[in-house]
Amino acid sequence: MVTLKINDQEVKVAAGTTVLDAAKKLGVNIPTLCNHPDLCVAGNCRVCVVEQTGARTLIAACAMPVSEGMDIHTNSLKVRNARKHIVELLLSEHRADCTKCYKNQKCELQTLANEYSFGEHIFLDLVEDHPYAIDRSSPAFLKDDSKCIRCQRCVRTCAQLQHVSAIAVSHKGSHMKISSFHDRPMSHVVCTNCGQCVNRCPTGALTEKTYIDQVWDAIYDTDKHVVVQTAPAVRVALGEDLGYDPGERVTGKMVTALRQLGFDSVLDTDFTADLTIMEEGTELLTRLKKVLVENDHSMALPMFTSCSPGWIKFIEHKYPKMLPNLSTCKSPQQMFGALAKTFYAQKRNIDPSKIVSVSIMPCTAKKYEADRPEMRSSGYKDIDFVLTTRELAVMIKQAGIDFRTLEPTHYDSLMGTSTGAGVIFGATGGVMEAALRTAYEIVTGKPVPFNNLNITPVRGMDGVKEATIKIEGTVDEWKFLEGAELKVAIAHGLVNANKVAKAVSKGKVNYHFIEIMACPGGCLGGGGQPIPTSAEIRQKRMEAIYSEDMHMDLRKSHENPEVLAIYKEFLEKPNGHKSHELLHTHYIERESY
Amino acid sequence: MYHTGNLVKELAEKHGRKRESLMPILQDIVKKHNYLTDDAMVAVATELDISAAEVYGTASFYTFLDTEERGKNIIRVCKTITCSMKGKNDIVSTIEDILKIKVGETTPDKMFTLLETNCIGWCHKAPAILINDMPYTDLTPETVIDVIKGYMRK
């Protein structure tokens, strides 16, 4: 332990602790910008400078480890003056058109500027003379270099958490900037649209591309029937943007709010999550049979899940040889979209051209996914607009809804019924658990041998998880699997996905089924979720997801009555002809940069 | 444009495939071809298993690792204060007149590229230019014509 003084208060912390964290322990707040709990120390913005008695210069609290007898002052005149200049210098290169900015009142630089309450700026405004570009090429997000303060949170996110590095620091001095490979448009590089950078950008330099106005237009258009679906991870995080603590479940209130916003039908992505399990589970069993029993290698093992559009784009760029290993199932969002303008339209007797299909997602990559040219199986754009959890919170505020006082209500029926298996899609390991709950029961006729159906080995925040499920007591049709050990793996965050994909591509591992989610923690840590994010916040959202599951009457996808009904009335059978037409897709090899 | 062929692979064999091998590999490509094509940068990224944006980021930091097409001979005119005061502008316009290109451009026959550069350390013999690796100093509009013509004859 190391003893030091901060603002004349003594504190004892473990060796290696930074001055910043030691101060936190005392309740002393040191402002930061480039620092982020999920990322390595950068120490480049200098906002966290503090004074160390006896030291020649000010030190960066985020980067300086404590030492015995240190005497730190976080609020001396020297510190305040320096910090004021540092913030003002950052502002001199930042287009501060705050009232027009999407991040207005959610911008960390603005908060600092507010705290240091500037009058006249003493530094020249350098933004006007600089030819900054705004990259609008991606359907998922905007990159506005005129608002970038070069803290490099995005660069570290893309490298450390996602192993993509679609962006890096380029050029030098006053020309230094964050750029893609040779400044290509973000839509034409390896970027997966995961939005993790958007989630961590302290300013408005990286923001989701918003479709709020388009959705309002659709709602106000009386000629249109606007359906909305909500992804599982939205209900455990939306509250954070509306004044609740992380981990509050607000499902019922969210449904009421959506109805009050004017959506004609409030439906649940969890329904198609259950449907995904039926399709993907069947696909897995078919692949196992073909490869292991019939020795037919036209189908590849292991099978990767395909729910995460960030992961899909990652594998298309980085491991195109393994595209046959991807499940052909569309994600629940896109299955929903394809069915909304076919099955739902028929049942409700609505002209599909009059349906506007909106989805609320914890994800920015879903905006990109909805735009993929393959996603038009209904004959129309299957999903018209994708809003993030954050955008929904904005709409709720715009509408003047007092969220706290709302009475919880239930989803509408017809693609609104779901099970706990659908809910847990929102957490890493959830798709695996949901698939196992169903596949095991199909094969053996018995529920998975885990207490309360909770398959704990596939849960939790470890980057890569592995489990082996022994299959015993098979029914006749699946006799060939008797005694077999199903080996599964789960990875979340593309840096972990890359480890698993690399091991598979080199033949070093022997899995049958692998769940991959592009974002840390799975969808609950998605790029479209409320800001800020951290390991603690994601943990709370995860607990909320599993608690939501435990509170559901039905917890197995194959018991969802609406899923059973849709097969009977419309789809015939899992992996059948109609399913392939509407619910399955194909993938494209992409460039390596 | 040039084709990298096996060059990047050979350089990776020579310098290794670690992160610190990046600079010597890029320098050797530039030594041979004068600039880095996108294909070359992607090939380096693939060999070293790093991202192409990172390779570009590194290359763009260094003035002498060009990522735009350059001619066979790269003329860099020192633009720093001493050379400026000693007549750098006349040198530039003389070269522009002979080669019929502006600063930043390459001649259609790809023989010359004209650039400006920060201080090259020849202030005591200003104005100075660099052609490829060779400095030419104490220049006047007359002498620089001879220098350029020498390269035209090569």
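## Basis of the model

Because the model is predicted, local features need pLDDT of at least 70 and side-chain atom pairs count only at pLDDT 80 or more, while totals for chains, interfaces and linings use all residues. Residues are numbered from 1 along each chain as its sequence is written, and chains are lettered from A and ligands numbered from 1 in the order in which they are written.

## Domains

Chain A is divided into domain 1 (2-75), domain 2 (92-208) and domain 3 (223-593); such bounds come from an automatic or database domain assignment. Between the C-alpha centres of domain 1 and domain 3 of chain A there are 43 Å.

Chain B is divided into domain 1 (7-61) and domain 2 (73-153). The C-alpha centres of these domains of chain B lie 28 Å apart.

## Where the chains meet

In the interface, 16 residues of chain A are in contact with 13 residues of chain B (two residues are in contact if their C-beta atoms, placed from the backbone, lie within 7 Å). Strand 8 (residues 168-170) of chain A gives the largest share of the side of chain A that touches chain B, with 3 residues. Helices (H or I, at least four residues) and strands (E, at least two) are DSSP runs, numbered from the N terminus.

By class, the side of chain A that touches chain B has 8 nonpolar, 7 polar and 1 charged residues. Here Ala, Val, Leu, Ile, Met, Phe, Trp, Tyr, Cys and Pro count as nonpolar, Asp, Glu, Lys and Arg as charged, and the others, Gly among them, as polar.

## Chain B as a whole

Chain B has 7 helices and 4 strands, in the order α-α-α-α-β-α-α-β-β-β-α along the sequence. The C-alpha trace of chain B spans about 50 × 30 × 25 Å along its principal axes.

Of the 154 residues of chain B, 34% count as buried (20 or more other C-beta atoms within 10 Å of a residue's own; exposed means 12 or fewer, and partly exposed lies in between, with C-beta atoms placed from the backbone). Among contacts in chain B between residues at least 6 apart in sequence, 60% join residues at least 24 apart.

## A helix pair in chain B

Helix 3 (residues 38-48) and helix 4 (residues 52-61) of chain B pack at an angle of about 120°, with their axes 8 Å apart. Axes are lines fitted to C-alpha atoms, for helices over the stretch in contact, and angles run from 0 to 180 degrees between N-to-C directions. Helix 3 and helix 4 of chain B are therefore oblique to each other (under 35 degrees is roughly parallel, over 145 roughly antiparallel, 65 to 115 roughly perpendicular, and the rest oblique).

The contact is made by B:Met41, B:Val42, B:Val44 and B:Ala45 of helix 3 and B:Ala52, B:Val55, B:Tyr56 and B:Ala59 of helix 4. By class, the residues of this contact are 8 nonpolar, no polar and no charged.

## Two sites in chain A

In helix 3 (residues 108-115) of chain A, A:Glu108, A:Leu109, A:Gln110 and A:Leu112 are buried. The buried residues of this helix pack against helix 2 (77-92) of chain A. Just after helix 3 of chain A, A:Ser117 takes a positive phi of about 35°.

A:Gly521 sits in the loop between strand 18 (513-517) and helix 16 (535-550) of chain A. A:Gly521 counts as buried because it has 25 C-beta neighbours inside 10 Å. A:Gly426 is 95 residues from A:Gly521 in sequence and 8.7 Å from it in space, C-alpha to C-alpha. Not counting residues up to four places away in sequence, A:Gly521 touches A:Ala427, A:Thr428, A:Met461, A:His492, A:Arg538 and A:Met542.
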